[in-house]
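Please have the sequence and the model open while I talk.

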Amino acid sequence: MKEQTGSKYFTLLFPPEFRRASNLRLYTFIVLFFVLFTSAAENVEADDVALNVFSTKTWGLRDLNTFWTRKGPFLFFRVLIFFFNQSTPDIINELECSQDICTHEISHQYSVGEHTARVEVEKLVNNDNWKQYGQAKTSFFVSANLSSCNVMGPSRGAIQTLQPLYLHVDVFPDVVLTHPTKYHWLGLGIPGGIYTAAANISIPIQNPQVLAVQSIPMNSFSSAACNLSVIVQDPVIVLSVNMSVTGASLISGVQAISNRDHYSTNHTDKLVSSSHVRIPSTLITPILEEDLAMTVFLEQEVQIQCTATGSQPLFVFYFSDVNETVLAQNTCIVRHVFNQTGKFSVEVTGMNLVSSSNTSILTVRVIHRNPKVVVSAVAAPLVISISVALLVYSLHRYHQWFSRRPGVEVADHKFVQQSSQSSSLPQTNKRKYGTVHMFNI
C-alpha cells in the first residue's frame, strides 16, 4: 500500500513526458563532457612539444632539436619539419620512443636573412592512422660576415681638450645583414679598450695629443677593424702683441703693446701649415680695439711679435697698407716694411683646428725721413782738419806760382818792434812782427 502511494506520488511529480526529456538532456551532457575532455587533453599534449635552434661553428648551419613528453600508450611518432615552406614539410622522419621524453635532432644550412623553422609531431593511433600530437616553431636570423667598417669622428678631425669625443662606426655589409653584437674601441687611453653594444661612443679627452682610434665590430662568426686619427688641442689665446723697429729707434711715442684676456671658440676652416706665406685676403673679421700708436720712417722695417697659449697655433697677420695677409706657424714673429706714408693697422689673430682668438690691432703712422745731413760728433774734427789742410796747401801753391812770374819785383821788409829806451840796448829786445812783400810791376 505504501509502495503504491509512493509510486503515485512519483508519477505525479515526474510524468512520463518529463522523464523522457530528462534522459535526453542527460545523454547530451555526457557527450559534450567527453568532447570537451578529449579536446583539453590534446591541447595539453600540444604544449609539451618544443623546438630549439642552436648555432654551430659553421656559418649558416643550425641544429634543430625537437623534444616532447610522451603520454599514454603511444610508442611510434613521426616528425614533420618545415624549413622554408610552412604548408608542405621538407622532411618527414618516423621514430619509436618508449621514454618519458622523446627527442629528434637535425641540422640544416641556412642562407643570410630571417628564417622560421616549424615542426609537427604525430602519434600512431592504429595501422597507418596518424593523429597530430603537437607542434612548435621558432624564428632566427643568419647574419652575413663582416667585411669592412668605417669610423667617423669630428668634422675637422680635432676636438678641444676636456670636450667629449663622439665616434660612430658603419659596417659593410649593412647592419641589417650582419647584425653586429658588440663593438671594441681601442686607442682612447683606456687599457684593454671599451666594449659597447651600440655602434657609437662618447668619451672626454683630458690632454692635448693625437689619438690613433681603432674600432672592431663583431658578430657571431666574423669581425672587421677600422682606424681613425683624432687631434686633441688646447684653444689658442693671444696674451700680448708688440711691435718694434729692427733698425733705428722709434721716432716718437712708445712701443705698442696689446693685451688680450679672452678668446673666441668659433671654428675656422683648416689652414695649410706654412711659415710666412703671403695670401691676398683676410681670413677673419677683426674685432677692433684701440691700441697705442707708434711712428716709423718710410721704408723702415718693423718686427711684430706676440705671446700666446694653445696647441699648434697658426698666427695670421694682416697689414692694411698692402691689404695682405701673412701666416706664421707655431712662432708668432713676422717682419714688415711700410712703403707708403699714412696711418695703417696691423691685425694679429691666433687659431688652430678647434679655436680662433680675438683679433689684436696695432696702429702705425709712417712719415718721410728728414732730408738734412747730420754729421756725427766723431766725424766733425776729421772733416775740419782735412778742410784746413787743403786750404793751406792751395795758398802755398798759389804763392809759388805768383812769385815766379817775369817782370815782378818783390821787396821784403821785416817789421821789428824797437824799445823806447836808447838804441844801446841789446839787440835781443827786438821782436819780429812779420814780413811784408812789396810788388812793383
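Before I describe any pairing, let me say that two strands are taken to pair if DSSP finds at least two bridges between them, and that helices (H or I, at least four residues) and strands (E, at least two) are DSSP runs, numbered from the N terminus. What you see is a predicted model, in which local features need pLDDT of at least 70 and side-chain atom pairs count only at pLDDT 80 or more, while totals for chains, interfaces and linings use all residues. Residues are numbered from 1 along each chain as its sequence is written, and side-chain values use heavy atoms, with hydrogens and water left out.

Let me start with strand β14, residues 209-218, which runs antiparallel to strand β11, residues 182-186, and is joined to β11 by five bridges. Within that pairing, L186 has Q214 of β14 as its bridge partner. Strand β14 is also joined to strand β15, residues 226-233, by seven bridges, again in an antiparallel arrangement, and here V213 is partnered with L228 in β15.

How many disulfides does a search of the whole structure find? The search finds three, where a disulfide is a pair of cysteine sulfur atoms within 2.5 Å. If the bonded cysteines of the chain are numbered in sequence order, the pairing reads 1-2, 3-4, 5-6.

C149 and C226 form one of these disulfides, with their sulfur atoms 2.2 Å apart. Because C149 lies in strand β8, residues 148-152, and C226 in strand β15, this pair ties together parts that are 77 residues apart in sequence. The torsion about the S-S bond of C149 and C226 is about -120 degrees, so this disulfide is left-handed. Both C149 and C226 are buried, and by buried I mean under 20% relative accessible area, with exposed being over 50% and partly exposed in between (1.4 Å probe, protein chains only).

C306 and C332 form another disulfide, their sulfur atoms lying 1.7 Å apart. This pair links distant parts of the chain, 26 residues apart, with C306 in strand β22 (residues 301-309) and C332 in the loop between β24 (324-329) and β25 (333-337). Its S-S torsion is about 115 degrees, so the disulfide of C306 and C332 is right-handed. C306 is buried at 8% relative accessible area, and C332 is buried at 5%.

C97 and C102 also form a disulfide, with 1.9 Å between their sulfur atoms, and a torsion of about -95 degrees makes the disulfide left-handed. C97 counts as buried at 7% relative accessibility, as does C102 at 1%.

Is W68 buried or exposed? W68 counts as buried because its relative accessibility is 0%. Leaving aside neighbours within four places in sequence, the contacts of W68 (heavy atoms within 4.5 Å) include C102, D100, F77 and Y133. The C-alpha atoms of W68 and D100 are separated by 8.5 Å, although the two residues are 32 residues apart along the chain.
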